Amino acid sequence: MRTERVTFEADGVRLVGELHFPDADGPVAALALTGPFTGVKEQVVGTYARRMAGAGYAALAFDHRGFGESGGRRQHEDPEGKLADLRAAVGYLAGRPEVDAARIGLLGVCLGGGYAVRAAAFDPRVTAVAGVAGGYNSPAAF
């Protein structure tokens, strides 16, 4: 497995992440990960990203705007911003030569599960979505 520190932008905000690659030849399926409320790439999503790379996926763990090393208003939970960050992460992955752009998914942990489902519903580039212990704002509506 190899890990690369990466940066990309969403709405002009610089986002910082770690992209984990499996030991594989040719373009591989990829995942963008989103996690708990105030989580950062070194915590839950980083752990899942490394595990997913070990299973053969390119996996992007990144800090959403306002958290960790990313830009934006500090410690501010911005639901629409997080959705824009996920769209930008999908675009970033699709532009990588190591990634099969037709096989990009979202993996959300805890509150990130809700964000992953919502982002996937409106982004036709996303071909798979998974939630782990998902936190959904309105389970009845879901």
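What you have is a predicted model, where local features need pLDDT of at least 70 and side-chain atom pairs count only at pLDDT 80 or more, while totals for chains, interfaces and linings use all residues. Residues are numbered from 1 along each chain as its sequence is written, and side-chain values use heavy atoms, with hydrogens and water left out.

Let's start on the inside. A nonpolar core is a set of buried Ala, Val, Leu, Ile, Met, Phe, Trp, Tyr and Cys residues joined through side-chain atoms within 4.5 Å. Buried here means under 20% relative accessible area, exposed means over 50%, and partly exposed is in between (1.4 Å probe, protein chains only). The largest such core has 29 residues, and those with the most contacts inside it include Phe8, Leu19 and Leu106. Strands S1 (2–10), S2 (13–21), S3 (28–34), S4 (58–62) and S5 (99–109), along with helices H2 (79–94) and H3 (112–121), each supply at least two of its residues. Helix H2 gives the most, with seven residues. (Helices, H or I with at least four residues, and strands, E with at least two, are DSSP runs numbered from the N terminus.)

Now zoom in on Phe8. Contact means heavy atoms within 4.5 Å. Leaving aside neighbours within four places in sequence, Phe8 is in contact with several residues, among them Val13, Leu60, Phe62, Ala88 and Tyr92. There's also a second, separate core of seven residues, which includes Leu31, Leu33, Ala49 and Ala59.

Next come the charges. Side chains of opposite charge can pair when their charged atoms come close. A salt bridge is a side-chain nitrogen of Lys or Arg within 4 Å of a carboxyl oxygen of Asp or Glu, and a search of the whole structure finds 14 of them.

Take Glu4 and Arg96, whose closest N and O atoms are 3.0 Å apart. Glu4 lies in strand S1 and Arg96 in the loop between H2 and S5, so this pair ties together parts that are 92 residues apart in sequence. Glu4 is partly exposed at 26% relative accessible area, whereas Arg96 counts as buried at 12%.

Lys41 and Glu69 form another salt bridge, with closest N and O atoms 2.7 Å apart. Lys41 sits in the loop between S3 and helix H1 (44–54), and Glu69 in the loop between S4 and H2, 28 residues apart. Lys41 is buried, at 1% relative accessible area, while Glu69 is partly exposed at 38%. Both belong to a network of salt bridges that also links Arg5, Glu42 and Asp63.
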